[in-house]
Amino acid sequence: MADQVENGIFVGGGGREYGEAQVLRPDYANRHGLIAGATGTGKTVTLQILAESFSALGVPVVLSDVKGDLSGLAQAGRADFKLHDAFTERAARINFTDYAYRAFPVTFWDLFGEQGHPVRTTIAEMGPLLLARLLELSDAQEGVLNIAFRVADEEGMALLDLKDLQALLVWVGQNRKTLSLRYGNVSTASIGAIQRRLLVLEGQGAAQFFGEPALDLEDLFLTDAAGAGRINILAADKLMQSPRLYATFLLWLLSELFETLPEVGDPDKPKLVFFFDEAHLLFEDAPKALVDKVEQVARLIRSKGVGVYFITQNPDDVPEDILGQLGNRVQHALRAFTAKDRRALRQAAENYRENPDLEIEDAIREVGVGEAVTSLLERKGIPGMAQRTLIRPPSSQLGPITPAIRAGLMGQSPLAGKYEAVQDRESAFEILQKRAAEAAREAEAAEDAEEQAETVEREFRAGRRYTGGGVSRSSSKPARKRRSSSRSDSIGTTFAKSFARQLGTRTGRAVVRGVLGGLFRGR
C-alpha cells in the first residue's frame, strides 16, 4: 500500500479492464465527498478502505458504525477468510501490487457507554437551535427554549445536563409573567410541551449524552506511535433506534469542529476526515435554518483542514446546495424499478463529468457489488471524468470483531478511564435547589414570627377585656393582616419565594415531589 499511498489514496482500478488507477489526491481530500448507492452494493466496504487509507497517511478519521461491521478495522484480515482468494484475485486484476493485510489504530466511542468510551456534551454546548431540532419543537416552543437559555446566562446558571434544563423550565414557568414583559410571551403550554419532549428523550437514553466530562475534541486527532491516524468509531447500531438523536449528535460534532479549529488554508492532507453515514437522516424534515447551517459548515470547514464525506443511498437525499460542495464521488449501483427511481438515476448521472467512452447512466445501473462509478478531483480541483471502477479490497478484517477483543482494545486505549466516571458539579439544578431551600427557611421564619405576633396580639386583647377595656360584640375573628414586603425582588429570587410559599401546603408538597422529587432521586 505504501507506494500507492505515496502518490494518493488508491481507490480502485478503472477504465478498460480496470487497469487505470483511480486515486484520491490527499491535497483535495478536504474538498468533501459522497458515497452513494442502493443497499448491499458495497458502500460500507468503500468507507472502510477510505478510512484505512487516511489512517495510513496519518490522518485521523471519525465515522459511525451503523451495522457494527466497521469494528473490523482494528483487526488485520486473514488468509483463512472465505473471501481471501477473491480479494487477492481482485488486487491482481486492478494492479494493487502491494496489497497486504494489516490492522489500524482504533478508538471506540458510544453515546451509551456500552461499546466504547462515553461521549458527552453539555446542554449549553448543544445550544437551543440543535436542541430544538432534537426535540422537534414548534416555533413558539423554540422561542421559549431560547428565553430559558438567555435567562440561564443572565442568572449565571450553568446548563450541563437534562435535570438542569428541566429545573430551569420550572423556574421559567413560575416567573412567566415577569419574563413575558422582558422577552415576549412565555406560555405554560409551551413549557409543558418541552418538558414532555425531554421526558421522551430521557427515556431514549439521551440523559447519558448530556453531562460532564464533555468530549475534548483534541482526543479525536490522536495518532499512534507509528504515526498512523486513529480511527474514531462511534457505535451507532443502538443509536440508530433514535435517528434524530443520531443526526443531531453528528451535526453538533461537525459544528464544534467548525467553530473550534483554526484556519489552515489548503493543506497537503486533511487534519481530520469525517464520515456521515445514513446522511439522509440529517436532512429529513429539517428546518431551513438547520440546512443553511450545514451548508455553511460544508463550505467553510474545508479551509480548516476537515473533509466531510456523506454516505447515503441516493444523491437526492442531500440538498442540492450541499451536493454541489462534494467534489469526490463514488456512486455504487442504483436500481431503477420505478419511474421515480429512473428519474433519480438520470439525475445522478448528470452530476458526473462526461466520459466519451462510458454511458454513465447505464454504468450506474449495471455496476455489480464492489464496483462503482467514480469521479475524483484532479489537478487544480477539476472533477475527473466518470470511470467505472472496481474498488480495491480492504486490508483489515471484513466484518465485526468479538466483544472480548473490543473490550481488550478499549482497555489499551490511550483514553481509558478519562470519560467513564460521571462528574456532577454545581449547575442550574443545584443553584435552584439551594434557592428553594433558602426561601423555604425564610418563609418558615416569617410564618413563625407572624404566629408569634398574633399570639401577642391575642394576649393583649384578652388582657384589655379583663381590665375593663372595650370588647367588640362581633364574634368573628379579626381578619389576619398580611405583611407586605417593601423589598423589590430580583428575577433571581422570585421563583424561590413563590415556590417556598407552596411548601407548607399539602398541594405544594405534592407539586415539589412531582416536579423536583424525581430529579433529586439518586443523588
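Predicted model: local features only at pLDDT ≥ 70, side-chain atom pairs only at ≥ 80, totals over all residues.

Let us begin with Glu451, which counts as partly exposed because its relative accessibility is 42%. Glu451 lies in helix α16, which covers residues 428–466.

Residues are numbered from 1 along each chain as its sequence is written, and side-chain values use heavy atoms, with hydrogens and water left out.

**Charged patches on the surface**

- Glu451 gathers with Glu444, Glu447 and Asp448 in a surface patch of negative charge.
- A positive surface patch is formed by Lys340, Arg342, Arg343 and Arg346.
- Lys340 sits in helix α13, residues 339–350, and it counts as exposed because its relative accessibility is 63%.
- Patches are made of residues with over 30% relative accessible area and no salt bridge, where like charges are joined within 9 Å and nonpolar side chains (Val, Leu, Ile, Met, Phe, Trp, Tyr) within 5 Å.
- Lys and Arg count as positive and Asp and Glu as negative, while His and the chain ends are not counted.
- The place of a charge is taken as NZ of Lys, CZ of Arg, CG of Asp or CD of Glu.
- Accessible areas come from the Shrake-Rupley method with a 1.4 Å probe, and for residues only the protein chains shown count as cover.

**Salt bridges**

- How many salt bridges does the count come to? The count is 22, with a salt bridge defined as a side-chain nitrogen of Lys or Arg within 4 Å of a carboxyl oxygen of Asp or Glu.
- Arg365 and Asp362 meet in one of these, at 3.0 Å from N to O.
- Arg365 and Asp362 are separated by about one helical turn, because they are three residues apart in helix α14 (residues 360–366).
- Both partners are partly exposed: Arg365 has a relative accessibility of 32%, and Asp362 has a relative accessible area of 31%.
- Arg388 forms a salt bridge with Glu366, and their closest N and O atoms are 3.8 Å apart.
- This pair links distant parts of the chain, with Arg388 in strand β12 and Glu366 in helix α14, 22 residues apart.
- Arg388 is partly exposed at 23% relative accessible area, and Glu366 is partly exposed at 49%.
- The side chains of Glu426 and Lys434 meet in a salt bridge at 2.6 Å, N to O, and Glu426 counts as partly exposed at 43% relative accessibility.
- Arg150, Glu154 and Arg182 are linked in a network of salt bridges.

- Is Asn328 buried or exposed? Asn328 is buried, because its relative accessible area is 2%.
- Asn328 lies in strand β10, residues 328–331. Helices (H or I, at least four residues) and strands (E, at least two) are DSSP runs, numbered from the N terminus.
- The Asn328 side chain reaches the backbone oxygen of Tyr28 at 3.2 Å and the backbone nitrogen of Leu377 at 3.0 Å.
- Ala38 belongs to the loop between β3 (33–36) and α2 (43–56), and it is buried, with a relative accessible area of 16%.
- Ala38 and Arg335 are 297 residues apart in sequence, yet their C-alpha atoms are 6.9 Å apart in space.

**Backbone details in the loops**

- The peptide bond from Glu212 to Pro213 is cis, with omega near 5 degrees. Pro213 is found in the loop between α8 (188–203) and β7 (231–235).
- Glu17, a residue other than glycine, has a positive phi near 60 degrees. Glu17 sits in the loop between β1 (9–14) and β2 (20–24) and is exposed, with a relative accessible area of 65%.
- Lys380 is not a glycine either, and its phi is positive at about 65 degrees. You will find Lys380 in the loop between β11 (371–375) and β12 (387–391), where it counts as exposed at 66% relative accessibility.

Technical notes. Buried < 20%, exposed > 50% of the residue type's maximum accessible area, 1.4 Å probe, protein only. Polar contact = N/O pair within 3.5 Å; in protein donor to acceptor, adjacent residues only side chain to side chain.
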